[in-house]
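My entries follow in the order I looked things up.

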Amino acid sequence: MSSDEHNPDHAPHPWDRREDETDKAWGAFCLYRDMPPHERSLFAVSEALYGDDEDEETGQEPAKNRLRMPPSWVRDWSSRFSWVERARAHDDHIAEQTRQLKASARVRAERVIWDALEGLASKAVERALAGDTTLLRDLLDRGEVGSPTRVAHSIHTGDDARALFGLSPLKEGGDDE
């Protein structure tokens with residue numbers, strides 16, 4: 001996905017491919033960027049690219065107690081192409097998108113709840129106006145509607161369920177914060 005799709009002014013994101021980044025360096029950065037932050041390391045990139053299998057020439061497993069360092073070219077790419085900063089910017093971007101999605105989902109869920117409550121309140125009011133106060137009394141007894149005075153005021157003014165339940169109206173645009 002190109003930066004243009006999410007960035008209408010076409011300014012590149014820090015984690016986008018750099019013009020001087022080779023295919024191999026870009027692929028290695030993508031591995032690094034997409035690792036969970038607590039697992040992210042240059043050595044992990046090196047292992048992902050080349051593995052830690054047995055030595056092809058000798059057929060022996062690598063020494064487990066040796067100092068394990070990423071190849072110098074991985075360190076060079078990381079430094080030259082600012083992998084740490086770019087990955088951090090990507091992490092921050094993903095965290096913000098996640099926060100926005102969660103907030104949006106919460107608002108949608110609240111709207112569904114309020115729509116259901118408004119329907120229930122409307123049904124209770126309709127029944128009460130027709131002489132059947134059972135549903136309205138049940139809601140009042142459970143403390144879900146508010147005081148009888150507030151219910152009467154809501155019926156009189158035609159307020160929505162938020163007013164009926166003693167809550168402030170939703171702000172314009174759907175945010176309830």
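**Handedness first.** Before looking at any pair, I wrote down what I mean by the hand of a crossing: it is left-handed if the near helix is turned anticlockwise from the far one by less than a right angle, and right-handed if the turn is clockwise. With that settled, I checked α2 against α3 and found that α2 passes α3 in a right-handed crossing. I also reminded myself that this is a predicted model.

**Overall make-up.** I counted 8 helices and 0 strands in the protein chain. Reading along the sequence, I get the pattern α-α-α-α-α-α-α-α. The chain has 177 residues, and buried ones make up 25% of them. I then took the contacts with a separation of 6 or more and found that 49% of them come from residues 24 or more positions apart.

**α2 with α3.** Back to my opening pair. The axes of α2 and α3 come within 9 Å and cross at roughly 120°. That angle makes α2 oblique to α3. From α2, I listed Ala 28, Leu 31 and Tyr 32 in the contact, and from α3, Leu 42, Val 45, Ala 48 and Leu 49. I sorted these by class and got 7 nonpolar residues, with no polar and no charged ones.

**α2 with α5.** Next I asked at what angle α2 and α5 pack. Helix α2 covers residues 23–34 and helix α5 covers residues 83–129; they pack at an angle of about 50°, with their axes 9 Å apart. So α2 is oblique to α5. This crossing is right-handed. On the α2 side I noted Ala 25, Trp 26, Ala 28, Phe 29, Tyr 32, Arg 33 and Asp 34, which meet Trp 83, Val 84, Arg 86, Ala 87, His 90 and Asp 91 of α5. The classes here are 8 nonpolar, 1 polar and 4 charged.

**α3 with α4.** I moved along to α3 and α4, whose axes come within 10 Å and cross at roughly 125°. The two are therefore oblique to each other, and their crossing is right-handed. In the contact, α3 supplies Leu 42, Val 45, Ser 46, Leu 49 and Tyr 50, while α4 supplies Trp 73, Val 74, Arg 75 and Ser 78. I sorted them into 6 nonpolar, 2 polar and 1 charged.

**The buried residues of α3.** Which residues are buried in α3? I found Ala 44, Val 45 and Ser 46. Their cover includes α2, α4 and α5. Just after α3, I noticed Gly 51 with a positive phi of about 70°.

**The buried residues of α4.** In helix α4, residues 72–80, I marked Val 74, Trp 77 and Ser 78 as buried. Why do they end up on the same side of α4? They cover an arc of only 100° around the axis, and that puts them on one side. I jotted down the general rule beside this: an α-helix has 3.6 residues a turn, so residues three or four places apart point the same way. The buried residues of α4 pack against α2, α3 and α5. After α4 comes Ser 82, where I read a positive phi near 50°.

**A look at Ser 78.** Is Ser 78 buried or exposed? Its relative accessible area is 10%, so it falls under the 20% cut-off and counts as buried. Leaving aside neighbours within four places in sequence, I find Ser 78 in contact with Leu 42 and Trp 83.

**A look at Trp 15.** My last stop was the loop between α1 and α2, where Trp 15 lies. Trp 15 is buried, with a relative accessible area of 11%. What does Trp 15 contact, leaving aside its neighbours within four places in sequence? I listed Trp 26, Phe 29, Arg 33, Arg 86, Ala 89, His 90 and His 93.

Technical notes: Residues are numbered from 1 along each chain as its sequence is written. This is a predicted model: local features need pLDDT of at least 70, side-chain atom pairs count only at pLDDT 80 or more; totals for chains, interfaces and linings use all residues. Side-chain values use heavy atoms; hydrogens and water are left out. Axes are lines fitted to C-alpha atoms, for helices over the stretch in contact, and angles run from 0 to 180 degrees between N-to-C directions. Helices (H or I, at least four residues) and strands (E, at least two) are DSSP runs, numbered from the N terminus. Angles under 35 degrees count as roughly parallel, over 145 as roughly antiparallel, 65 to 115 as roughly perpendicular and the rest as oblique. Contact means heavy atoms within 4.5 Å. Ala, Val, Leu, Ile, Met, Phe, Trp, Tyr, Cys and Pro count as nonpolar, Asp, Glu, Lys and Arg as charged, and the others, Gly among them, as polar. Buried means under 20% relative accessible area, exposed over 50%, partly exposed in between (1.4 Å probe, protein chains only). The arc is that of the directions from the helix axis to the C-beta atoms.
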